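Subject: Structure handover and notes

Dear colleague,

Please find the structure below, together with its sequence. My notes on it follow, and I would be glad if you read them with the structure open beside you.

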Amino acid sequence: MRAMSLISFNPARVWIGNVEFWLRPFSWDHCVLTLNCETEPLQFAPFRAWFERWFDADDVKEPDSRGLCGVVHFLDEPVISNGRVFITADLGSAPVEAFHELLEACAESGPREVWVSNERRETSA
């Protein structure tokens, strides 16, 4: 990971619904979500819906005045290991709204807690 590409902010802990989020600096083009779902199976439909909204599969979105299309470039297949699900996203030129909606998709999927950073989180807080 290139340190220069990290979005710099103080780590934060927030709640969306009853899901606890731990936000750490990450790269917009390499956002790693670690979802702790030790007690419940994770629902992937919210991620699919989010990706379909923000990815331009048909490459029809016109660039804005800065040459950006406002789309997500990539959402990796989930990796499941020891009660955790790891998902990596390249948020491309998508606006901050897409990131907020990604967090909402995480909350809707049913985890106990979510870590957002530039690497997998193997342990809880």
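In these notes a residue is called buried when its relative accessible area is under 20%, exposed when that area is over 50%, and partly exposed in between, with a 1.4 Å probe and protein chains only. The model is a predicted one, in which local features need pLDDT of at least 70 and side-chain atom pairs count only at pLDDT 80 or more, whereas totals for chains, interfaces and linings use all residues. Residues are numbered from 1 along each chain as its sequence is written, and side-chain values use heavy atoms, with hydrogens and water left out.

Cysteines

A disulfide is a covalent bond between the sulfur atoms of two cysteines, and here it is taken as a pair of cysteine sulfur atoms within 2.5 Å. A search of the whole structure on that basis finds zero disulfides. For C37, the closest cysteine sulfur is the one in C106, and because the two sulfurs are 11 Å apart, they are too far from each other for a bond. C106 is likewise in no disulfide, the nearest cysteine sulfur being that of C31, at 8.0 Å. C37 is buried, with a relative accessible area of 12%, and C106 is buried as well, at 0%.

The largest pocket

Grid points are joined across faces, edges and corners, and a volume is the space filled by probe spheres set on the points. The largest pocket has a volume of about 160 Å³, and its lining is made up of F44, F47, R48, F51, L75, D76, E77, P78 and I87.

Helices (H or I, at least four residues) and strands (E, at least two) are DSSP runs, numbered from the N terminus. Helix α1, residues 45–54, gives the most to this lining, with three residues. If Ala, Val, Leu, Ile, Met, Phe, Trp, Tyr, Cys and Pro are counted as nonpolar, Asp, Glu, Lys and Arg as charged, and the others, Gly among them, as polar, then the lining has six nonpolar, no polar and three charged residues.

The loop between β8 and α2

Contact, below, means heavy atoms within 4.5 Å, and the contacts listed leave aside neighbours within four places in sequence. S93 is in the loop between β8 (84–90) and α2 (96–108), where it is in contact with L68, C69, G70, V71 and H73. The side chain of S93 reaches the backbone nitrogen of G70 at 2.9 Å. A94 lies in that loop too and is buried at 6% relative accessibility; its contacts are W28, W54, G70, V71 and V72.

Other buried residues

L102, in helix α2, is buried with a relative accessible area of 0% and touches L33, F47, W50, A89 and L91. S109 is placed in the loop between α2 and β9 (113–117); this serine is buried at 1%, and its contacts are L35, P41, L42, Q43, P46 and F47.

E20 belongs to strand β3, residues 19–23, and counts as buried at 11% relative accessibility. A polar contact is a pair of N or O atoms within 3.5 Å, where within protein one must be able to donate a hydrogen and the other to accept it, and residues adjacent in sequence count only if both atoms are side-chain atoms. The side chain of E20 makes such a contact with the side chain of R13, at 2.4 Å.

Backbone angles

Most residues other than glycine have a negative phi. D59, however, has a positive phi, near 55°, and sits in the loop between α1 and β6 (74–75), exposed at 65%. N82 has a positive phi near 50°; this residue lies in the loop between β7 (79–81) and β8 and is exposed at 71%.

With kind regards

Key
On a 1 Å grid over the protein atoms alone, a cavity is a set of points where a 1.4 Å probe fits but cannot get out, and a pocket is an open set with protein on both sides within 12 Å along at least five of seven lines; lining residues have an atom within 4 Å of a point.
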